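Hi there,

Here is the structure I promised to pass on to you. Have a look at it first, and then read my notes below.

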Amino acid sequence: MRPGPYDISLVEGSISTREELERIQQVRQDSRILVTIGACATAGGIQALRNTRDHAELKAAVYPTPSFIDALDTSTPIADHVHVDHELRGCPIDKGQLLETIAALIAGRRPVIPDYSQCAECKLAGTACVMVTHGTPCLGPVTQGGCGNLCPRIGRGCYGCFGPKEGANVRALADQLSTLGVDPAEIRDLLSSFTAAAPAFAEESRRHG
Amino acid sequence: MAEGTRVLQVDALARVEGEGRFKVRLEGNRVVESQFAIFEPPRYFEALLRGRSFRDAPDITSRICGICPIAYIVGASKAMESALGWEIPAAITDLRRLIYCGEWIQSHVLHTHLLHAPDFLGLADSLELAKVDRSLVENALAAKRTGNRLMEVIGGRSVHPVNTRVGGFFKAPPEDAVRALVPELEAGEAMSIAALERFAAFDYPDLEMDTLFVALRDDHDYPIDEGRIVSSAGLDIPVEAFAEHFEEHQVPHSNALQAATAEGGRYLVGPLARFNLNADRLPGDILAMAERAGLVPGCRNPFRSLLARRSRSSTRFARRPVWPGPMLRRIRRSWTCLYVPAPATA
């Protein structure tokens, strides 16, 4: 690999080991523009569920010799450690958004990435609302758009893999889910997946046990 | 000959789909120690699933790998269905096999053409390969696109598909979209046969390993996700009995669990094992092609597993006679509701 500095670095994955803590400082130093890609890099990933649990117990549940495992007690997004210039949400990211971002950065302009909710994508596509028509729990109203309206169009509720939209009113959605009869554990788990540690989702899921 | 101790170490293996380090210690020219370390950080999937709904298992475990999510989706779904005692109809298992074929096509072509072929040809990477053999790389990208398309049409997304669930699928894929893939798959078959001949000409190191092969074996098909677990030593057990015959342990230098037989012996899984234990399940013309390419059942040279991967991909493309005809007819029969609903009294 050629030594840096690099024009653009695409960083995937979260910070969950001591080596990664050091490596991300080096990556930042070597990069003119740092773009985080995916739910692990932008929110800590599914593995960030350990942030609120007993790490030693999790290790012991999976590994016969837990003492061999050397990892931090938390999994955190890249932006908790270094300055991030742009981020691409999603698990996985959207290919179109990646191409747009690289093309824009090469051309020296800001990438055009949607900042509206997934819910708005359904309206734009004319997809019938799964929550209104079937009472299916859906995170669309509070999740950042960009996936291309994938889940509701097959009759499935959005599971939030693009993470919370800025300014999302997660509590209002959770209240509506309760009204629909969704039990607290299900609301908690719905908010506790690939972007569980994103503050807006983490805060609301704590209210549901 | 060199005397004394030497250590060869590769800190980041760029030819694997993951993060690994390899270290070999030699005394003179004799290998005295080798260490394969997976330093990908632990993520505790098994522990994080506890206390959640069984319906979460496939989507969460699929995040282990974005290149082979179907392996985890199908594995986790089948585990949950088995625990629940659900019977899964043939239309669902057929569709699962089809989306699994998409994953094999795109994952294997990545492995054979883009990761391993440059090594066999002494080139730095696939970009270098494109300079000396542009069509090989173009064919690889075309096949990768076809595999991805197959996953997308059935799964709704090529990486981490959204249409799969415990019990089956959320929605049946549109028939015309599946049918539209047939020309691409036919082109892929021709490409795959040409690639097998090209790969056959590589210079494979002479290495015969005394290896125990373990793979699935199916009653009818070349196995992907169905069948019993068999070995080259005559083991033949149902999948449920795996834990009685195999065990997992840890080594200090790696985050990945290592597996052994209950007696502590090593075993090999993957394309070469599957080929050796299921050669008779391949269509005759594919087996003949593999043999002409230098891959004969009973092969103990791990380097030739590359050919097994290619033969296998050929097989997938060559399933054209089986579908879209009868397979699509079976899928269409249960067109609108391709999943098993939970029993009313769960």
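Let me start with where the chains meet: 26 residues from chain A and 26 residues from chain B make up the contact (two residues are in contact if their C-beta atoms, placed from the backbone, lie within 7 Å). This is a predicted model, in which local features need pLDDT of at least 70 and side-chain atom pairs count only at 80 or more, while totals for chains, interfaces and linings use all residues. Residues are numbered from 1 along each chain as its sequence is written, with chains lettered from A and ligands numbered from 1 in the order in which they are written.

On the side of chain A that touches chain B, helix α3 (residues 55-62) of chain A gives the most, with 3 residues. Helices here are DSSP runs of H or I with at least four residues, strands are E runs of at least two, and both are numbered from the N terminus.

Now to the cores. A nonpolar core is a set of buried Ala, Val, Leu, Ile, Met, Phe, Trp, Tyr and Cys residues joined through C-beta atoms within 7 Å, and buried means 20 or more other C-beta atoms within 10 Å of a residue's own. The largest has 55 residues, of which I99(B) and L150(B) touch the most other members. Its largest share, 12 residues, comes from α4(B). Leaving out residues up to four places away in sequence, L150(B) touches L98(B), I99(B), C101(B), G102(B), I105(B) and L181(B). A second, separate core of 46 residues includes V35(A), I37(A), L177(A) and A196(A).

One last pair: the axes of α4 (residues 90-120) and α6 (residues 134-155), both of chain B, come within 8 Å and cross at roughly 155° (axes are lines fitted to C-alpha atoms over the stretch in contact, with angles from 0 to 180 degrees between N-to-C directions). So α4(B) is roughly antiparallel to α6(B), a term for angles over 145 degrees.

Happy exploring!

Key:
Parallel < 35°, antiparallel > 145°, perpendicular 65-115°, else oblique. Buried ≥ 20, exposed ≤ 12 C-beta atoms within 10 Å, placed from the backbone.
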